[in-house]
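The following briefing is set out by topic for use beside the sequence and the model.

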Amino acid sequence: MSTAKVKVALIGYGVVGQGFASLASERADIEIVAVCVNNKAKPRIGNQHFVFNVDDLFELDFDVVVEATDAPYKKVKEWYLSAQDIQVPFVTANKQFVATYLVSNEISEDDRGLLYEASVSAAIPIIRSLQTCFPQGVKRIEGILNGSSNYILSDIFRNGSSIEEAIQIAQLKGFAESDPSLDLNGSDPAAKLAILIRNAFGIEVGAKEIPVFGLESINGADIRLARSLGNEIRYIAHAEVQDGKLTAWVAPVLVEKESLWGSIQEAENAIVVTDASDESYLFKGRGAGARPTGTALLNDVLASQSGFRYRYADDVKRLPIQDVRRTVWIRSYKDKAIIDPLRSDVISSRLDGPWDHNQFRTSLKELIEDTIGIEKDHGVLFTAL
Ligand SMILES: NC(=O)c1ccc[n+]([C@@H]2O[C@H](COP(=O)([O-])OP(=O)(O)OC[C@H]3O[C@@H](n4cnc5c(N)ncnc54)[C@H](OP(=O)(O)O)[C@@H]3O)[C@@H](O)[C@H]2O)c1
């Protein structure tokens with residue numbers, strides 16, 4: 001018995017595009033009609049039909065677009081709107097596009113199937129779960145959302161690598177970007193957190209509005225502090241709605257080795273969703289890579305063909321992120337306190353060479369104001385969740 005094949009127009013043939021193409025080639029029910037790429041001179045693996053212009057791709061006959069590029073927001077939005085014009089679903093792995101689009105537009109029933117499971121934590125089915133599994137509502141989301149930074153941190157704490165060695169190993173293994181700041185400055189988990197906030201709470205929030213404490217300012221003294229406290233560090237994204245107020249942040253957090261967060265190793269991701277009844281649900285798995293991300297795209301392609309669409313609440317809210325007080329460790333040069341001692345009491349202190357670590361309870365808004373522009377001269381570590 002022959003079944004009709006789903007015809008896919010694929011844009012992008014890098015790590016993720018090739019991962020998707022390889023999975024599609026193992027199935028009888030999917031056909032990639034053509035792949036659009038950028039660079040004519042690049043040698044290509046596989047016997048795909050390549051085109052170099054999305055207009056040429058859109059002249060072909062297909063059922064769904066799969067977008068797996070690193071193209072800028074405006075380009076991806078153009079492609080998405082073209083797919084919408086011809087009422088074809090658009091499946092994407094591009095978190096920067098999704099995070100920006102969800103905020104800048106009113107998503108409505110007219111949106112013809114924008115599906116983006118692959119954009120957050122690859123194969124972990126977190127978007128679908130937030131859309132369908134929490135009828136009572138979600139109260140809190142916490143997660144390790146960036147596989148590269150988790151690889152770097154777990155290598156430092158479990159294998160004794162220095163920060164520089166861990167970054168190099170992550171790059172060699174293909175987990176980290178060639179420009180490590182993209183993994184360490186927090187823009188990646190902030191975009192993913194904005195997408196989760198939209199789906200969990202029905203609240204629109206821009207990734208740039210989320211208070212982010214970069215992993216890039218952590219140095220050897222912070223690692224020694226974590227070890228001396230019997231802890232490790234993980235890069236955690238957090239969002240919570242209480243009494244109709246939203247709090248959210250992304251920060252390096254001290255975690256116990258034996259805790260759930262301490263157990264997340266290498267490029268794994270983990271997300272804990274707490275519902276309105278205070279029940280917590282753990283989602284865990286590989287958060288990046290060709291096949292895990294390709295699998296999420298494949299699932300969305302198949303779901304789009306059986307009519308699956310995300311549902312968004314009609315009363316989408318645009319709420320500001322509230323300030324929150326947290327206990328943090330701050331590293332600064334000796335005698336160059338960053339936090340005004342009149343504003344926050346010091347809970348405890350440690351000295352390490354030229355560095356002074358002080359533990360404070362402080363407002364995140366004030367902490368950001370106090371540390372802006374001096375990223376290399378301080379480190380911020382949140383205490384355990
Ligand atoms: N890598 C992961 O594990 C992972 C996980 C989840 C999500 N993602 C997301 O998936 C997307 C792709 O990531 P990747 O790692 O596969 O990137 P990549 O390896 O750098 O590949 C990017 C691909 O996009 C193509 N491209 C860029 N601009 C284009 C344009 N204007 N028109 C047509 N093609 C264009 C490139 O073409 P050329 O081949 O001609 O250069 C290349 O094939 C990104 O949004 C990323 O954030 C990645």
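Two bridges join strand E5 (residues 90–92) to E6, and these strands run parallel. In E6, Leu-115 is the bridge partner of Val-91. Helices (H or I, at least four residues) and strands (E, at least two) are DSSP runs, numbered from the N terminus, and two strands pair if DSSP finds at least two bridges between them. The model is predicted: local features need pLDDT of at least 70, side-chain atom pairs count only at pLDDT 80 or more, and totals for chains, interfaces and linings use all residues. Residues are numbered from 1 along each chain as its sequence is written.

**Sheets and strands**

- Six strands form an open sheet with parallel pairing, in the order E3-E2-E1-E4-E5-E6.
- Strand E3 (50–51) and strand E6 (114–115) are the edge strands, each pairing on one side only.
- Elsewhere, strand E12 (residues 325–333) runs antiparallel to E15 and is joined to it by four bridges; Val-328 stands opposite Phe-382 in E15.
- From strand E15 (residues 379–382), Gly-379 and Leu-381 point one way and Val-380 and Phe-382 the other way, and all are buried (20 or more other C-beta atoms within 10 Å of a residue's own; exposed means 12 or fewer and partly exposed lies in between, with C-beta atoms placed from the backbone).

**Ligand shell**

- The ligand is surrounded by 25 residues, of which the closest are Gly-14, Val-16, Asn-39, Thr-69 and Ala-288; a residue is near a molecule or strand if its C-beta atom, placed from the backbone, lies within 6 Å of it.
- By type, the shell divides into 12 nonpolar, nine polar and four charged residues.
- Helix H1 (residues 15–25) gives the largest share of the shell, three residues.

**Nonpolar core**

- The largest nonpolar core has 110 residues; such a core is a set of buried Ala, Val, Leu, Ile, Met, Phe, Trp, Tyr and Cys residues joined through C-beta atoms within 7 Å.
- Helix H9 (residues 187–201) supplies the largest share of this core, nine residues.
- Those with the most contacts inside the core include Val-8, Val-66, Leu-193 and Leu-297.
- Leaving aside neighbours within four places in sequence, Leu-297 is in contact with Phe-20, Val-66, Ala-68, Val-91, Ala-93 and Ala-118 (contact means C-beta atoms, placed from the backbone, within 7 Å).

- In helix H7 (residues 163–172), the buried residues are Ile-163, Ala-166, Ile-167 and Ala-170.
- They lie on the same side of H7 because they cover an arc of only 100° around the axis, the arc being that of the directions from the helix axis to the C-beta atoms.
- The face of H7 turned away from its buried side carries the exposed residues Glu-164 and Leu-172.
- The cover over the buried residues of H7 includes helix H6 (147–159) and H10.
- Gly-174, which follows H7, has a positive phi, near 80°.
- In helix H10 (residues 220–228), the buried residues are Asp-222, Leu-225 and Ala-226.
- These residues also cover an arc of only 100° around the axis, which puts them on the same side of H10.
- Among the elements covering the buried residues of H10 are strand E8 (231–242), strand E9 (245–256), E12 and E15.
- Just after H10, Gly-230 takes a positive phi of about 75°.

- Ala-122 is not a glycine, yet has a positive phi of about 45°.
- Ala-122 lies in the loop between E6 and helix H5 (126–132), and counts as buried because it has 27 C-beta neighbours inside 10 Å.
- Asp-278 is not a glycine either, and has a positive phi of about 65°.
- Asp-278 lies in the loop between strand E10 (268–275) and strand E11 (280–286), and is exposed, with 8 other C-beta atoms within 10 Å.

How values were computed:
Ala, Val, Leu, Ile, Met, Phe, Trp, Tyr, Cys and Pro count as nonpolar, Asp, Glu, Lys and Arg as charged, and the others, Gly among them, as polar. Two residues are in contact if their C-beta atoms, placed from the backbone, lie within 7 Å.
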